[in-house]
Amino acid sequence: MRAVVYCWTATLTPQFLIRNKSQLIYQRLAQTAGQICNYSQLGGQVGLDSKTVAKYIGVFEKMYLLRRVEVFSNNQLSRVTKTPKLHFIDSGLLSTLIGLNKQQILIDRSRFGNVLESFVYSEILKHITTSNEDYQVMFYRDVEKVEVDFVIENARSQVVGIEVKATATVKDTHLKELKKLAAICGANFQMGVLLYDGSETLPLGDRIWAVPISSLWGENQSQKLV
């Protein structure tokens, strides 16, 4: 199935977007997936101003190709950065756009991180779309560049933080971001989840757990990603 999806996206990409500015912008956006996107910097690369780039991104959002993910903020978070992130809805298409395949992941796993984040984002969207409750999916980042990949907040301001790690082992250093979010949110912090490429669910401290990424598509599946 994965091979079919990869072949389909590889065939689709050159024809999918007309050979003009939109194709160039979309390809450049793929390089910023999972990262904070500077519209002015991107516009300078393609000969457009930041407002025009924002309009293109709005069109891509309406086509369900990507989403802007806003920064989590409340009255206690006056020091957070305000620039949104971009996540692609289809991580297979994203992999094709940046030329990432299994062999390259095995050689340099660091390139896999942002694609994995986008994959997790799309899986989170599936879960909250079918939920009976309203949720917002955001991310946290402060001026010290402490960042939590995803912050899910419900209508009661209750928060779950999610960190994504493309690793099969869990280290104490992986918990810094979730612990900071917990401290800032106080009683509203319900749980911190460290998604990793392992097979066991592990308690890591007060309201923080390591959970296999495979749990997103089936609790009984513990297969490796690659």
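Which residue in β5 is the bridge partner of Glu153? Val159 is the partner. The legends below place this pair in its surroundings.

This is a predicted model, in which local features need pLDDT of at least 70, side-chain atom pairs count only at pLDDT 80 or more, and totals for chains, interfaces and linings use all residues. Residues are numbered from 1 along each chain as its sequence is written, and side-chain values use heavy atoms, with hydrogens and water left out.

**View 1. The whole chain has eight helices and eight strands.** Helices (H or I, at least four residues) and strands (E, at least two) are DSSP runs, numbered from the N terminus. Of the 226 residues, 44% count as buried. Buried means under 20% relative accessible area, exposed over 50%, and partly exposed in between (1.4 Å probe, protein chains only). Contact means heavy atoms within 4.5 Å. Among contacts with a separation of 6 or more, 54% come from residues 24 or more positions apart.

**View 2. Six strands form an open sheet in the order β3-β4-β5-β6-β8-β7.** The pairing is mixed. Strands of a sheet pair through backbone hydrogen bonds, either parallel or antiparallel. Here two strands pair if DSSP finds at least two bridges between them. β3 (135-141) and β7 stand at the edges. Each has a single partner strand, so one side of each is left without a neighbour in the sheet. Neighbouring strands are turned by 30° against each other on average, direction ignored.

View 3. Axes are lines fitted to C-alpha atoms, for helices over the stretch in contact, and angles run from 0 to 180 degrees between N-to-C directions. β4 is mostly covered. Eight of its eight residues are buried.

**View 4. β3 and β4 run antiparallel, joined by six bridges.** Val137 stands opposite Ile152 in β4. The hairpin has five residues between the strands. Lys145 in this hairpin takes a positive phi near 65°.

**View 5. β4 and β5 run antiparallel, joined by four bridges.** Glu153 has Val159 as its bridge partner in β5. Four residues lie between the strands of this hairpin. Here Ser157 takes a positive phi near 70°.

**View 6. β7 (residues 202-205) and β8 (residues 208-212) pair in the antiparallel sense.** Three bridges hold the pairing. Leu202 stands opposite Ala210 in β8. Two residues lie between the strands of the hairpin. Arg207 takes a positive phi near 65°.

**View 7. Glu163 sits in strand β5 (residues 159-164).** At 2% relative accessibility, Glu163 counts as buried. A polar atom of its side chain lies 2.8 Å from the backbone nitrogen of Asp149. The Glu163 side chain also makes a polar contact with the side chain of Lys165 (3.4 Å). A polar contact is a pair of N or O atoms within 3.5 Å; within protein, one must be able to donate a hydrogen and the other to accept it, and residues adjacent in sequence count only if both atoms are side-chain atoms. Leaving out residues up to four places away in sequence, Glu163 touches several others, including Glu147, Val148, Glu177 and Leu194.

**View 8. Lys85 belongs to strand β2 (residues 85-88).** Its 1% relative accessibility makes Lys85 count as buried. The Lys85 side chain reaches the backbone oxygen of Gly34 at 3.4 Å. Not counting residues up to four places away in sequence, Lys85 touches Gly34, Arg67, Glu117, Phe139 and Asp149, among others.

**View 9. Lys82 lies in the loop between β1 (66-69) and β2.** At 54% relative accessibility, Lys82 counts as exposed. The C-alpha atoms of Lys82 and Asp142 are separated by 9.0 Å. These two residues are 60 residues apart along the chain.

**View 10. Helix α2 (residues 21-30) crosses helix α4 (residues 50-62) at roughly 80°.** The two axes come within 11 Å. The helices are therefore roughly perpendicular to each other. Angles of 65 to 115 degrees count as roughly perpendicular, under 35 as roughly parallel, over 145 as roughly antiparallel, and the rest as oblique. Lys21, Ser22, Ile25, Tyr26 and Leu29 in α2 meet Tyr56, Ile57 and Phe60 in α4. The contact residues divide into six nonpolar, one polar and one charged. Ala, Val, Leu, Ile, Met, Phe, Trp, Tyr, Cys and Pro count as nonpolar, Asp, Glu, Lys and Arg as charged, and the others, Gly among them, as polar.
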